[in-house]
Amino acid sequence: MDPNGNEGLDAQFVGLVSPTAPRIQAGGHPCQGIYWTKSGTRPKVAIIATHYNVDFSEHYIAPYFARQGFGFLGWNTRYRGVEDQFLLEHAVLDIGVGMKWLKEVAGVEQIVILGNSGGGSLMGAYQAEAIAPTLTDRLPSVGQDALAQLIKGDLYISFNAHQGRPEVLTDWMDPSVIDENDPTLTDPELDPFNPDNGPPYSAAFIEKYRAAQRARNQRITDWAKAELVRLNDAGIPDRIFPMFRCWGDIRCVDPSIDPSDRKPNWCYRGDPAIANRTPSIGRANTIKTWLNMWSLETSPCQGAPHLAKQNTPALVVQGTADTGVFPSDARKIFDFLGTQDKKLELIPGAHYFEDSIEERQTAADLVGSWIREKL
């Protein structure tokens, strides 16, 4: 039997409106997902997982948890597939719709927040807003009312999660970019794929490189703020702009930096030198989305402030062969968590534990045992 299959499981499609997003004229609901359960059961404990833009409705780990007797809601906000328009305040409300459905329709009594990959900081932000809202002023009155009524999860799990959206993009940025409108122009002294620079990379180069990554993020932010004022003065609310060269994390190239069991010279898109020349993460943004999701200066999607507010038991799980989240990321997330009841587990496996069914099962069993211990 393939544990990734659906044998013995029920998969219920759920489509709902959000307080700030109605059903579209073509019929689609802004909030959509699939609720996975063991056939014929009505679980009292359920897990919910959501990402900034990746479709999590058929999440790979759902069958593993459903077979253990948990419900699993693979949930999508209005921004699935439309990352360029993301705004955290509305995504949080959309997650709240899924939480409310679990309680009021599915009959769930306790809910576990699962923050997987980029969803780690998103679900951390949701939980933090349910504890003490900070996004109120960004929403219309109907959204403010919904924000004040968010349901808090009973447990929080960081599962191969990035620290936050601005943090991961900045860590992956190629700072050798000279002109944001021309992906061919780079500074050879900062080019991570220039053999004169490494690997291995010297401590001095690493320090210069990391500072230049932060500087690139700030340059885009400075431009975005000025450009938004210019557009608004002309009666234009926003615009799209492209971004290039964002597979430049030198940890992907040099395995001696932040060492782990990962494959050297590899990232989620394959060879970093090739991936870095291909449009990928953050490849298109509205200005408001850049300022809301990616900017180190202005984004509320940074992980640390939200994680600091966590006051429920928390588990941090990190696969040691992950090529995009590294041991130091997991340790920082663990340190950021405000709760005193927290645990860090480093276990074998890649980002989605995609290389081994056994490793997926081990990860699911570890998390399932922890949930049962805490609830």
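**View 1. Helices H5 and H9 are roughly perpendicular to each other.** The model shown here and in the other views is predicted. H5 covers residues 165-172 and H9 covers residues 287-294. Their axes cross at roughly 100° and come within 7 Å. From H5, the contact uses Arg 165, Pro 166 and Leu 169. From H9, Trp 290, Met 293 and Trp 294 take part. By class, the residues of this contact are 5 nonpolar, no polar and 1 charged.

**View 2. Helix H2 packs on helix H3 at an angle of about 80°.** Two packed helices are described by the angle between their axes and the distance between the axes. H2 spans residues 88-104, H3 spans residues 119-131, and their axes lie 10 Å apart. H2 and H3 are therefore roughly perpendicular to each other. On the H2 side, the contact residues are Leu 88, Ala 91, Val 92, Ile 95, Gly 96 and Met 99. They meet Leu 122, Met 123, Ala 125, Tyr 126 and Glu 129 in H3. The contact of H2 with H3 divides into 9 nonpolar residues, 1 polar and 1 charged.

**View 3. Eight strands form an open sheet with mixed pairing.** The strand order is S1-S2-S4-S3-S5-S6-S11-S12. Strand S1 (9-16) and strand S12 (342-347) are the edge strands, and each pairs on one side only. From one strand to the next, the twist averages 20°. Val 14 stands opposite Gly 33 in S2.

**View 4. Helices H2 and H11 lie across strands of the sheet.** H2 lies across S1, S2, strand S3 (45-49), strand S4 (71-76) and strand S5 (110-116). H2 runs at about 155° to S4. Helix H11 (residues 327-336) lies across strand S6 (155-159), strand S11 (314-319) and S12. H11 runs at about 170° to S12.

**View 5. Strand S4 is largely enclosed by the rest of the structure.** Of its 6 residues, 6 are buried. In a regular strand the side chains alternate between the two faces of the sheet. In S4, both faces are covered. Gly 71, Leu 73 and Trp 75 are buried on one side. Phe 72, Gly 74 and Asn 76 are buried on the other. S4 pairs with S2 in the antiparallel sense over 5 bridges, and with S3 in the parallel sense over 4 bridges. Gly 74 of S4 stands opposite Ile 34. Gly 74 is also the bridge partner of Ala 49.

**View 6. Cys 246 and Cys 267 are buried cysteines.** A disulfide is a covalent bond between the sulfur atoms of two cysteines. A search of the whole structure finds 0 disulfides. The cut-off for a disulfide is a pair of cysteine sulfur atoms within 2.5 Å. For Cys 246, the closest cysteine sulfur is in Cys 267, 12 Å away, so the two are too far apart for a bond. For Cys 267, the closest cysteine sulfur is in Cys 252, at 5.5 Å, which is also too far for a bond. Cys 246 has a relative accessible area of 1%. Cys 267 has a relative accessibility of 1%.

Notes:
Residues are numbered from 1 along each chain as its sequence is written. This is a predicted model: local features need pLDDT of at least 70, side-chain atom pairs count only at pLDDT 80 or more; totals for chains, interfaces and linings use all residues. Side-chain values use heavy atoms; hydrogens and water are left out. Buried means under 20% relative accessible area, exposed over 50%, partly exposed in between (1.4 Å probe, protein chains only). Axes are lines fitted to C-alpha atoms, for helices over the stretch in contact, and angles run from 0 to 180 degrees between N-to-C directions. Helices (H or I, at least four residues) and strands (E, at least two) are DSSP runs, numbered from the N terminus. Angles under 35 degrees count as roughly parallel, over 145 as roughly antiparallel, 65 to 115 as roughly perpendicular and the rest as oblique. Contact means heavy atoms within 4.5 Å. Ala, Val, Leu, Ile, Met, Phe, Trp, Tyr, Cys and Pro count as nonpolar, Asp, Glu, Lys and Arg as charged, and the others, Gly among them, as polar. Two strands pair if DSSP finds at least two bridges between them.
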